[in-house]
Amino acid sequence: MDFVSFEAAPLHTRGTNHRQGSFRYKDLGQGTPGRLDNFYLRIVWTEGDFFSPRHMHNFDQVRAQLKGRFSFDKDGTMHPGGVGYFPEGTAYGPQTSAEDTIQLAMQIGAPSRSGYISEEERQVAAEALSKRGRFEKGKYFANDDKSGVGQDGFEAVWEYANGRRIKYPKKRLEKPLLVNPDAFEWLDVASAAGVRTKRLWDFGANALACSLYQIGPKSSVALSGPLTAFILAGAGEVAEHRYAKYDALHLAAAEKARIEAREESELLVMTHPVFPHPVKRSVAAAEVEHS
Amino acid sequence: MNVAHAETTPWGPARSVRGGRIVFKELLRGEEKTPTNFSLVLADTDVTFKSPRHRHNFDQIRITLEGSTNFGPRHNIEVGDVAYFPEGTHYGPQNQELVGAASLAMVIQFGGAAGHGYMSQRQLFEGQERLRVYGDFEGGVFRRKAAAPDGRMNQDAYEAIWEHQHGRPVEYPKPRMTEPVHFRAAHLPWVEVNGPGVYWKELGSFSERNIRIACLKLEADAVYQPEPQPQEQILFIIEGAGRFGSGETWARHSAVHLHASEAPSMSATAATEALILFLPRF
């Protein structure tokens with residue numbers, strides 16, 4: 001079990017930024033670099049100057065809007081309380097925020113088995129690329145690129161880190177899925193008195209699934225990995241840790257933990273994808289058909 | 001278990017509560033006044049078909065069998081796609097002229113997670129006939145000859161019929177999603193399961209009531225023994241032929257309704273592909 005305290009996590013300001021606009025963040029945990037189910041959870045603060053061009057990923061992303069609104073142009077707007085699924089291969093945006101926002105962002109390896117590069121790998125690559133070009137408005141312009149067209153900033157970083165051209169999987173969904181959890185009904189969890197759940201979506205074993213849990217005071221629920229649980233509200237205990245708002249808990253496969261609420265608590269539970277052979281992404285990605 | 005075949009089911013008359021020509025062949029229907037009532041139809045959509053932007057108080061699944069089916073600006077359901085229209089979520093306007101040709105689609109409309117149920121095709125068209133006394137249906141809108149008690153002259157046609165049939169205002173569930181879920185299902189891999197020649201493609205499941213969509217592929221001579229499920233299921237045979245353990249056969253465009261816990265074996269005599277919908281579990 002990996003418990004990450006929001007309060008204790010240092011606040012970073014992204015130095016070399018492959019997007020545009022102020023970007024402060026706290027790391028709330030990551031998986032194992034090189035594994036197909038590697039992930040990275042962070043909470044991000046942006047101000048009214050954020051811009052990211054229309055782009056797609058070769059990994060899955062889940063976002064939870066905690067404050068302010070984030071616009072994805074014709075793909076919709078995330079409002080506080082909203083949860084979004086941005087699957088690999090599906091283009092979205094451009095993305096802007098005209099106000100201060102706080103957003104939880106989970107990035108994780110997806111069904112195409114391209115994995116997810118760690119934040120350390122990303123930073124090393126972005127710094128190295130900055131020495132031979134510049135990042136501007138979410139694009140990378142290499143000094144020796146005379147075309148002036150540039151390349152998507154993330155793509156440039158990924159290709160540097162992996163030493164090969166990026167290939168995007170064919171899109172499974174035409175658009176990102178923006179969910180309004182407020183419209184879902186809480187249903188009692190049969191095995192846990194005082195606990196209710198809202199099941200948001202499940203795209204099968206190879207993709208991240210999302211649910212909300214509400215745990216009444218003095219009630220508890222047992223969770224089983226692989227998953228990440230993010231505390232949206234409340235306080236209580238998990239093993240030897242005291243949890244509070246915005247803390248995160250990561251459970252590996254078959255790991256179990258009991259969440260015991262002192263105050264009514266609400267959790268966003270993200271069940272990780274399961275891959276039969278979580279081999280290194282560079283080998284696995286070559287095995288699947290890409291567009 | 002209830003099996004119906006497109007080949008032996010007649011097309012209905014051309015009629016629509018919205019605009020333009022559309023013809024239905026209803027293969028299966030559920031039980032009126034239950035939360036999981038449903039209707040499975042083949043829809044022959046003429047190039048003239050139009051429908052204003054609207055939402056439903058029920059869920060809907062659509063696939064295109066021939067051609068391409070428009071459901072909004074820049075949104076066409078192509079052969080191989082699966083589109084899920086959740087209750088309460090707006091979509092459209094639909095305009096088949098944007099495609100420039102007719103299409104053949106399979107549509108399942110069913111009671112969604114909110115438990116509001118589904119007004120049957122019989123109730124819908126009966127209500128439409130009754131309402132003709134009070135006004136006209138034009139382009140998906142019911143235009144009254146005299147104002148309703150609340151002062152309205154014009155109303156979405158489906159809403160007007162629903163309210164007439166139920167004697168109360170229609171209630172729309174809050175939209176769980178901002179847009180319909182449009183799967184490019186052909187891009188998902190098949191996974192071999194449950195014996196040789198049996199493949200599964202999990203598209204996704206949604207809502208607190210676990211509305212689940214998947215595809216099944218059987219090679220010729222493959223035998224599939226599904227696990228009993230706690231939910232009702234609807235199977236639509238996109239292609240293929242075979243026989244259930246009960247002795248019933250399937251062919252291209254057959255449709256099957258399974259009650260909860262019913263799990264007949266399936267023996268394919270020709271390569272088969274089916275869409276499977278798990279109805280909400282209440």
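This is a predicted model: local features need pLDDT of at least 70, side-chain atom pairs count only at pLDDT 80 or more; totals for chains, interfaces and linings use all residues.
How much of the chain is buried? Of its 282 residues, 56% count as buried. Chain B exposes about 11,500 Å², and carbon and sulfur atoms supply 50% of that area. If you take the contacts in chain B between residues at least 6 apart in sequence, 65% of them join residues at least 24 apart.

One helix of chain B is worth a look, namely α1, residues 121–131. Which of its residues are buried? They are Gln121(B), Gln123(B), Leu124(B), Phe125(B), Gly127(B), Gln128(B) and Leu131(B). As a reminder, an α-helix has 3.6 residues a turn, so residues three or four places apart point the same way. The cover over the buried residues of α1(B) includes the strands β2 (22–29), β3 (38–45), β10 (103–110), β11 (135–138) and β12 (141–144), together with the helix α2 (157–166), of chain B.

Now to the nonpolar cores. The largest has 66 residues, and those with the most contacts inside it are Trp201(A), Phe183(B), Phe206(B) and Ile213(B). Leaving out residues up to four places away in sequence, Phe183(B) touches Arg172(A), Leu173(A) and Phe203(A) on chain A, and on chain B it touches Asp81(B), Val82(B), Leu203(B), Gly204(B), Phe206(B) and Ile213(B). Another core, of 25 residues, lies apart from the largest one, and Tyr25(A), Tyr40(A), Val44(A) and Met78(A) are among its members.

Over to chain A, and a sheet. Four strands form an open sheet here, in the order β19-β24-β21-β22, with antiparallel pairing. Why is one side of β19 and of β22 left without a neighbour in the sheet? These two strands of chain A stand at the edges, each with a single partner strand, so one side of each has no neighbour there. From one strand to the next, the twist averages 25 degrees.

We can walk across that sheet. β19(A) is joined to β24, residues 256–261 of chain A, by five bridges, and the two run antiparallel. Within that pair, Val221(A) stands opposite Ile259(A) in β24(A).

Most residues other than glycine have a negative phi, and most peptide bonds are trans. Against that background, a cis peptide bond joins Gly93(A) and Pro94(A), with omega about 10 degrees. Pro94(A) lies in the loop between β9 (83–86) and β10 (95–97) of chain A. A cis bond also joins Gly225(A) and Pro226(A), again with omega about 10 degrees. Pro226(A) sits in the loop between β19 (220–224) and β20 (227–233) of chain A.

Then there are positive phi values. Arg113(A) has phi near 65 degrees, and you will find this arginine in the loop between β11 (101–108) and α1 (119–130) of chain A. Is Arg113(A) buried or exposed? It is buried, with a relative accessible area of 16%. Lys137(A) has phi near 50 degrees and is placed in the loop between β12 (133–136) and β13 (139–142) of chain A. Lys137(A) is exposed, at a relative accessible area of 52%.

Last stop, Arg132(A), in the loop between α1 and β12 of chain A. Arg132(A) is partly exposed, with a relative accessible area of 46%. Not counting residues up to four places away in sequence, it touches Tyr140(A), Ala142(A), Asn143(A) and Tyr160(A).

Conventions
Residues are numbered from 1 along each chain as its sequence is written. Chains are lettered from A and ligands numbered from 1 in the order in which they are written. Side-chain values use heavy atoms; hydrogens and water are left out. Buried means under 20% relative accessible area, exposed over 50%, partly exposed in between (1.4 Å probe, protein chains only). Two strands pair if DSSP finds at least two bridges between them. Contact means heavy atoms within 4.5 Å. A nonpolar core is a set of buried Ala, Val, Leu, Ile, Met, Phe, Trp, Tyr and Cys residues joined through side-chain atoms within 4.5 Å. Axes are lines fitted to C-alpha atoms, for helices over the stretch in contact, and angles run from 0 to 180 degrees between N-to-C directions. Accessible areas come from the Shrake-Rupley method with a 1.4 Å probe; for residues, only the protein chains shown count as cover.
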